[in-house]
Amino acid sequence: AAASAVASAAPAASGPPKDLNVLVLSIDSLRADMPWSGYPRPIAPRLTELEKKSVSYTRSYAISSYTSMSLGGLLAGRLPSELKRDGFFFGTYAKDAPFFPVILQRAGIKTIGAHAHGYFKSAGFEQGFDVWEIVPGIKFNNTTDENVTGDKHEAIAERLLSDPALASSRFFAWFHFLDPHDQYIGHENDGIPPYGPTLRDKYDAEVLYTDRQIGKLLDFVAKQPWADRTAIVVTSDHGEAFGEHKQFAHGFELWENLVRVPLFFVMPGAKPRRIDTPRSAIDIAPTIVELFGAAPDPGFEGKSLVGELYGKEPEARDVVCDLPATSDNDKRRAVVSGKKKVVAYGNEGFTKLYDLEADPDENAPITKGEALDEMAKKYREVSKGVREIVPWACGAGCLNRAYMSKQ
C-alpha cells in the first residue's frame, strides 16, 4: 500500500514513451478472484505486488470461455464468430487471420512469442511473430494438460529477451503461462505444500507456482537496459469452474467465473489506479497497436485503452462475450451492460437475464419482464452487427441449427 501511495503521488505522464516496448504475460485459467481483488489466500504475491503499480480493470472480461476462441479474439481485436476458423474445439485459424502482431511486424517491431501447450503449434496464433517457440517435450492431450512447464517456459522467455539487439530496438513479446490449467499438479518438490484436497486447493498451489515463475521473469526484466521503457500487461484467456453451476474446468458456457479475468497494465509514467468500468480483452489489440504508434486495423471492434491508462475517465460501453458453435458446443453469446448481463443460447436466441449486483453468482435468472425485454433487445441489436463466418471444417459436429439456418 505504501509503494502504491508513493507511485500515486508522482505526476502522470501525458502518454507512453516514444520508444515503448510491450510485454504481455497471460496466464491460463486465471480467475478474477485473486488476492488483489479480495481472495483471502495469498497465492500470488508477485502478481499482487505488480498489480499495485498498475492501471487495473476490476471488471475485465475474456472474449470467450476457453483458449482457442478467447485468444483468437484477443489477437484479432474481434469476436471469434467473425474469424475464419475450422470449427473444431482446438480450432485452427486461417493463414490470413487479421492478428495484430502482423501490424507490428510490418511496422518494423520485433515480435517474440513462446508458449507451453502443444495446441499453440497448430492454432495459427504464430502469424506476425518473428520468433515463435514452444516448450520442448510437451505431451499433447486434448482432454487435459499433463505437463509442468513454468520453469522451462520462464527460461525460454529469459533467453529470448536476452537478445542484445533489444537494447536498441523496440519489441513486442507474449508469453502464455499454462500451469494453472487442469490437471492441477502438485509442486511439493518446489517447496509449495498442498493447500488441501479440493480442486480449488490444488489450483491455488498451481497459481502460486506460476506466480514464482512470473516473479523470476519480472526480476530478470527489471535488470534489462530497456526495463524503464517497457509496459507489462497481465491477463488470462478465461477463468475456471470449481462446481459453480455444477461445472468444472472451463468452456461451454459464459458464467462469470468462466469469463471474468484479471487485466492490468504497468505503464511507464502512468499513475496506478483501479477502473471499475467493464472492459474486454477485445480492447487489447487496438491498445497495443496504438502504444506502438502503428495504424489500427479498421476491422478492430475493441477500443484502445491508452487514454484511460494515462488518466482519461472511462466511458461506459457494453461488453460482449462470444462462444461460437464448435464441434463440441452449441452457440452462446452474452452482453454485459453496467451491472446487467443477458445470455443468449443457440441460434434461436433464447435469453436469460442476470442482475450481477444483486445476484453476482448468477443463481437467479430473470426469464420474463420488462428488464429482460430491454436487455434481449440490446442483445439482438448487438448480434445484428456480428458478421458471423461459418467454419470451413469439423464435419457434422458444427452442422447444428446455429449454422444450418445460414445455409
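Predicted model: local features only at pLDDT ≥ 70, side-chain atom pairs only at ≥ 80, totals over all residues.
Glu-308 is buried, because its relative accessible area of 6% falls under the 20% cut-off.

Glu-308 belongs to helix H9, which spans residues 306–309. When residues up to four places away in sequence are not counted, its contacts are Val-55, Tyr-57, Arg-273, Ile-275, Arg-279, Pro-314, Glu-315 and Arg-317. A separation of 9.6 Å was computed between the C-alpha atoms of Glu-308 and Ala-270, which are 38 residues apart along the chain.

The largest pocket has a volume of about 570 Å³. Its lining comprises 27 residues, and those nearest the centre are Ala-32, Asp-33, Thr-58, Glu-256 and Arg-260. At least two lining residues come from strand E2 (55–57), and at least two from helix H7 (256–259). Val-55 and Tyr-57, both touched by Glu-308, fall within the residue range of strand E2. Sorted by class, the lining of the largest pocket consists of 10 charged, nine nonpolar and eight polar residues.

For the chain, the mean pLDDT is 90, with 92% of residues at 70 or more. In residues 1–11 the pLDDT is below 50, and this stretch makes six contacts in the model beyond near neighbours in sequence. Residues 401–407 also have a pLDDT below 50; for this stretch, 19 contacts are found in the model beyond near neighbours in sequence.

Technical notes:
Residues numbered from 1 in each chain as written. Heavy atoms only, no water. Helix = DSSP H or I, 4+ residues; strand = E, 2+ residues; numbered from the N terminus. Buried < 20%, exposed > 50% of the residue type's maximum accessible area, 1.4 Å probe, protein only. Contact = heavy atoms within 4.5 Å. pLDDT = per-residue confidence, 0-100. 1 Å grid on protein atoms, 1.4 Å probe; cavity = no way out; pocket = protein on both sides within 12 Å on 5 of 7 lines; lining within 4 Å. Points joined across faces, edges and corners; volume = space filled by probe spheres on them. Nonpolar A, V, L, I, M, F, W, Y, C, P; charged D, E, K, R; others polar.
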